[in-house]
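Here is a short report on one protein chain. Look over the sequence and the model, then read on.

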Amino acid sequence: MNFLVIAVVSFITGIFASLGLGGGMVLIIYLTVFAQMPQLSAQGINLIFFIPIALLSLYYHNKNHLIEWKKIVPILITGTIFVIVFSLIANKTDNEILQKLFGGFVIIAGLKEMFSKKKKS
């Protein structure tokens, strides 16, 4: 892969991820469609890519007092458990099935965004 392409995709993905807009979807789509990477590998790279971005975003959101830790801790614990369980399942699942599941998730997320009513600030 060309370094410039990787840098541009990483930059765009970083912007989306720091805003909480699902930058991982952009990265996974790029890696699977354009770089022809297997779905499971793309998901693994996405998780590794997410760690420094998440830590940096966490720092700034915490600095601006935007995190309610009492609400986050239970979600963090259960989320970690489910990540472990579903990572083990994904390792045993065929690449084509993973691609279809991910594609379905992207479609559902897009439809939800299109048809959900936005609350006024």
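This is a predicted model: local features need pLDDT of at least 70, side-chain atom pairs count only at pLDDT 80 or more; totals for chains, interfaces and linings use all residues.

Residues are numbered from 1 along each chain as its sequence is written, and side-chain values use heavy atoms, with hydrogens and water left out.

**Overall build**

The chain has five helices and zero strands. Helices (H or I, at least four residues) and strands (E, at least two) are DSSP runs, numbered from the N terminus. The C-alpha trace spans about 40 × 35 × 30 Å along its principal axes. Of the 121 residues, 17% are buried. Buried means under 20% relative accessible area, exposed over 50%, and partly exposed in between (1.4 Å probe, protein chains only).

**Core**

The largest nonpolar core holds eight residues, among them Val 9, Met 37 and Phe 102. Helix 2 (residues 23-34) gives the most to this core, with four residues. Such a core is a set of buried Ala, Val, Leu, Ile, Met, Phe, Trp, Tyr and Cys residues joined through side-chain atoms within 4.5 Å.

Two residues show who touches whom. Contact means heavy atoms within 4.5 Å. Neighbours up to four places away in sequence are left out of the table.

| Residue | Contacts |
|---|---|
| Ile 28 | Gln 39, Ala 42, Gln 43, Asn 46, Phe 102 |
| Asn 46 | Gly 24, Leu 27, Ile 28 |

Asn 46 lies in helix 3 (residues 39-63). It counts as buried because its relative accessibility is 13%.

**Helix 3**

Helix 3 has 25 residues and reaches 35 Å from its first C-alpha to its last. That is close to the expected 36 Å, which is 1.5 Å times one less than the number of residues. Helix 3 bends by about 30 degrees at Phe 50, and Pro 52 follows within four residues. The bend is the angle between axes fitted to the seven residues ending there and the seven starting there. Just after helix 3, His 65 takes a positive phi of about 55 degrees.

Tyr 60 is partly exposed, at 45% relative accessibility.
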